[in-house]
Amino acid sequence: MNGRDVFEYALLRVVPRVERGECFNAGVLVYCRAHSFVAARTHLDETKLFALDPDADVHGVRAALRAVEGVCAGGQAAGQAAGDDAGRRFRWLIAPRSTVVQPGPVHTGLTADPAAETERLLQLLVR
């Protein structure tokens, strides 16, 4: 495979008004089993947020995005998921939920550097 390993990723979507279903991308989750790697990188575009909901809770959305990053990081920041391996944390984060921050469908690819892939996907699909 030329030193490349399979990875999975999902976009993090912000759905300011769940009942309307309108959303925009605000982050990416990346998991690579071969590297025991899981990470999230986020970027909240407040202009898009307020376009969909002028009364949106920016601090609440930022807190939800930081929480996803914390679960990925592991340790104390992961809360109850602190003892879980990277794969379990990724699977928990991609589970469907009806909240303001939601995971999108999971996609796959090949990478030699999961951390660089995370940044590449953030730039390509979120910023």
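**Helix H3 and its surroundings**

In this predicted model, Val68, Val71 and Cys72 of helix H2 meet Arg89, Trp92 and Leu93 of helix H3. The residues of this contact comprise 5 nonpolar, no polar and 1 charged. Helix H3 spans residues 86-94, and its buried residues are Ala86, Gly87, Arg89, Phe90, Leu93 and Ile94. Viewed down the axis of H3, these buried residues fall within an arc of 165°, so they line one face of the helix.

**Packing of H2 against H3**
- The two helices, H2 and H3, pack at an angle of about 160°, and their axes are 9 Å apart.
- Because angles over 145 degrees count as roughly antiparallel, H2 and H3 are therefore roughly antiparallel to each other.

**The two faces and the N-terminal end of H3**
- The cover over the buried residues of H3 includes strands E1 (5-14), E2 (24-32), E3 (37-42) and E4 (101-111), together with helix H2 (58-73).
- Arg88 and Trp92 are exposed residues on the face of H3 turned away from its buried side.
- Aspartate 85 caps the N-terminal end of H3, with a side-chain oxygen 3.1 Å from the backbone nitrogen of glycine 87.

**Phenylalanine 90**
- Phenylalanine 90, a residue of helix H3, has a relative accessible area of 0% and is therefore buried.
- Beyond its neighbours within four places in sequence, phenylalanine 90 is in contact with Glu8, Tyr9, Leu29, Val30, Tyr31, Val38 and Val106.
- Phenylalanine 90 and asparagine 25 are separated by 65 residues in sequence and by 18 Å in space, C-alpha to C-alpha.

Note on methods
Residues numbered from 1 in each chain as written. Predicted model: local features only at pLDDT ≥ 70, side-chain atom pairs only at ≥ 80, totals over all residues. Heavy atoms only, no water. Buried < 20%, exposed > 50% of the residue type's maximum accessible area, 1.4 Å probe, protein only. Helix = DSSP H or I, 4+ residues; strand = E, 2+ residues; numbered from the N terminus. Arc of directions from axis to C-beta. Contact = heavy atoms within 4.5 Å. Polar contact = N/O pair within 3.5 Å; in protein donor to acceptor, adjacent residues only side chain to side chain. Axes fitted to C-alpha atoms, helices over the stretch in contact; angles between N-to-C directions. Parallel < 35°, antiparallel > 145°, perpendicular 65-115°, else oblique. Nonpolar A, V, L, I, M, F, W, Y, C, P; charged D, E, K, R; others polar.
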